[in-house]
Amino acid sequence: MAVTVTQPQRPSSGATPAPGGRRSRGRTASVHGSRWTPYLFLAPFLVLFLTFVAVPGVFGIWISLHDWDFLLPKKPFVGLQNYTDLLDSSSPQFQPFWNGMKATAIFVVISVPFLVTLPLLLAILLGRRFPGRTFFRAVFFAPFVLGVAVVGLMWRYLLDPSFGMVNGMLGALGLPDSTAWTTEQPWAWISLAFVTVWWTIGFNAVIYLAGLADIPVEQYEAADIDGASAWQKLRYVTLPGLRPVLIFVVITTVLASANMFGQSYLITKGGPGDSTRTAIMEITDLGLSQYRMGQASAMSYVLAVFLALIALVNFWLLREKKS
Amino acid sequence: MKRRNGPLFWVGMTVLSLIFIGPLLLVLLTAFKSQSESRTVPPTYFPSQPSLRAFDVLFFQDAASPVLRWFLNSMAAATMHAALVLVVCSLAGYALARMEFRFKNAIFTAIILTLFVPGFIFLMPNFLLLDKLGWLDQIWALVVPGAAGAFGVFFMRQFFQGLPKEFEESARLDGAGPFRTWWSIVLPNARPALVTLGVLSYLANWNDFIWPIYVLFSPERLTLPAGLSRLQGAYTIDYPVVMAGAMLAAIPVLALYVFVQRYVIEGVASSGVKG
């Protein structure tokens with residue numbers, strides 16, 4: 001399987017045309033059949049894609065231009081008001097929305113550095129040759145196959161401030177044993193970041209491992225000959241060799257953390273106060289519990305634009321600098 | 001790197017393994033405790049009087065929480081979803097890998113672009129769409145909408161492009177049509193990719209949380225993750241019961257993972273190769 005290729009794929013037109021098949025019209029495919037055959041193969045996908053991806057993507061904008069209450073028959077057109085309300089501190093959406101954006105931003109800032117660096121260290125460890133390497137790789141990856149519901153319910157119990165086993169073990173080691181992991185700040189953020197690292201470390205580690213395998217061994221041998229230290233090899237061989245993978249990991253991890261929902265829904269229930277109510281929690285609560293979908297759609301597009309800008313900035317900061 | 005791995009390395013590996021597996025074991029042990037023992041300070045690790053009470057409550061005592069039904073709902077939804085993804089994405093992926101047709105690049109670009117659109121954009125419009133289709137509170141709400149994913153079709157296309165063309169050409173010379181060729185020549189050779197995509201789709205659907213909690217309403221229609229989060233809503237949480245439920249959701253995917261971990265990990269690794 002082509003799992004270790006890190007060269008970017010050509011964006012399109014990857015299939016080579018059939019030899020000699022270019023000229024005659026009805027026979028342009030390397031697989032024969034009528035000219036409609038490709039569309040028949042694509043039809044089931046395209047029907048689902050148009051119905052549940054392409055059309056909703058645009059329909060959502062339409063919703064956001066209306067006062068769209070799911071439970072009311074009238075859904076009056078309001079233009080851009082749902083967007084301008086988000087900038088108007090006297091509107092009822094203003095405070096919850098920006099509180100959610102702030103919580104999302106805090107979570108991104110505290111979780112991403114760990115979610116990017118710890119898996120890299122783990123991947124470097126696992127990249128060494130030792131018996132049982134595949135076994136350990138599978139162990140560290142295991143939590144990732146669990147759903148956020150399992151992870152959230154588990155850690156809510158383990159992190160319980162009064163009878164949780166995390167405090168129990170800290171106490172057994174003679175450390176403070178009454179930290180309010182889920183009910184006070186900054187502990188709630190620390191807990192959510194820790195749980196997310198525990199849950200997803202294997203994902204990024206596996207992506208780094210594939211990237212590490214593509215760095216030519218000769219580069220390390222050359223560094224050894226030059227008497228490079230372990231740190232120098234990391235700095236001057238590993239990191240530059242991983243650059244494309246690193247860009248991918250940083251961008252996808254920022255987006256994943258910005259999408260955080262289940263951990264705070266289950267572990268802190270948005271608390272203490274509403275400090276861990278993320279933007280996604282606000283959007284789903286407003287749109288899918290209170291059914292005020294116009295406002296919620298407007299929020300989701302604003303959040304999406306923010307995330308797109310952040311992804312572009314990350315890409316720009318991490319790009320190969322041409323000297 | 002040729003350095004020897006000293007005892008420190010192995011101590012580190014052991015500690016790390018405990019951090020990743022230990023919490024699961026502690027939770028599994030909790031499922032066998034009494035409700036009062038689950039709340040003792042300091043906590044016990046091994047149940048002093050192991051009992052199956054939590055599983056009894058989970059399965060038989062609470063009519064408002066039909067946990068077995070949730071389990072079967074999750075199974076059915078994930079199985080149908082994975083099957084649908086495989087059919088739809090391997091058909092489309094094959095066309096994109098091997099056929100030439102008008103608008104091919106436009107279609108492929110449009111699909112790939114959606115990889116960059118965050119999923120929450122689709123929550124509200126798809127909810128309304130399901131309402132129009134009469135699929136709210138139905139299993140179809142979980143099976144169908146996510147099946148046309150860009151990742152699946154991209155993954156299958158990449159795999160098909162890597163297959164040698166000789167078999168397909170000899171099938172054509174033998175008079176097999178394109179559909180026949182796809183079904184009896186191409187798909188059997190694509191088994192590793194199909195297993196990988198099938199397992200990843202199954203896991204994603206089994207674990208999905210945000211969508212089922214909003215599109216399912218009736219207690220008997222819930223999936224396991226959605227149902228378990230409602231169990232937690234009670235005033236005093238019966239933790240052994242909730243932990244038993246969490247293990248019920250975890251053990252099938254962990255078991256599946258043990259058998260196909262190579263496919264899962266390689267599938268995930270391949271998602272990073274787009275660079």
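1. The model is predicted: local features need pLDDT of at least 70 and side-chain atom pairs pLDDT 80 or more, whereas totals for chains, interfaces and linings use all residues. Residues are numbered from 1 along each chain as its sequence is written, while chains are lettered from A and ligands numbered from 1 in the order in which they are written.

2. A positive phi also occurs in chain B, where Phe103(B) has a value near 70 degrees and is not a glycine. Phe103(B) lies in the loop between α3 (67-98) and α4 (104-113) of chain B. Phe103(B) is exposed, because 12 other C-beta atoms are found within 10 Å.

3. Two cis peptide bonds deserve mention. One joins Gln185(A) to Pro186(A), with omega about 0 degrees, and Pro186(A) belongs to the loop between α6 (165-172) and α7 of chain A. Another runs from Val41(B) to Pro42(B), with omega near -5 degrees; Pro42(B) is in the loop between α1 (7-30) and α2 (53-61) of chain B.

4. Chain B contains 13 helices and zero strands. Its C-alpha trace spans about 70 × 65 × 35 Å along the principal axes. Of the 275 residues in chain B, 47% are buried.

5. Between the chains, 89 residues of chain B are in contact with 84 residues of chain A (contact means C-beta atoms, placed from the backbone, within 7 Å). Helix α13(B) gives the most to the side of chain B that touches chain A, contributing 16 residues. That side of chain B has 62 nonpolar, 20 polar and seven charged residues (nonpolar: Ala, Val, Leu, Ile, Met, Phe, Trp, Tyr, Cys and Pro; charged: Asp, Glu, Lys and Arg; polar: the others, Gly among them).

6. The contact involves, among others, Leu153(A), Met154(A) and Tyr157(A) of α5(A), and Val242(B), Met243(B) and Ala246(B) of α13(B). The residues of this contact comprise 11 nonpolar, no polar and no charged.

7. The largest nonpolar core has 158 residues, of which Phe45(A), Val206(A), Val88(B), Ala92(B) and Ala246(B) touch the most other members (a nonpolar core is a set of buried Ala, Val, Leu, Ile, Met, Phe, Trp, Tyr and Cys residues joined through C-beta atoms within 7 Å). Helix α13(B) supplies the largest share of this core, 17 residues. Leaving aside neighbours within four places in sequence, Phe45(A) is in contact with Val88(B), Cys89(B), Leu91(B), Ala92(B), Ala148(B) and Val153(B).

Notes
Two residues are in contact if their C-beta atoms, placed from the backbone, lie within 7 Å. Helices (H or I, at least four residues) and strands (E, at least two) are DSSP runs, numbered from the N terminus. A residue is buried if 20 or more other C-beta atoms lie within 10 Å of its own, exposed if 12 or fewer, and partly exposed in between; C-beta atoms are placed from the backbone.
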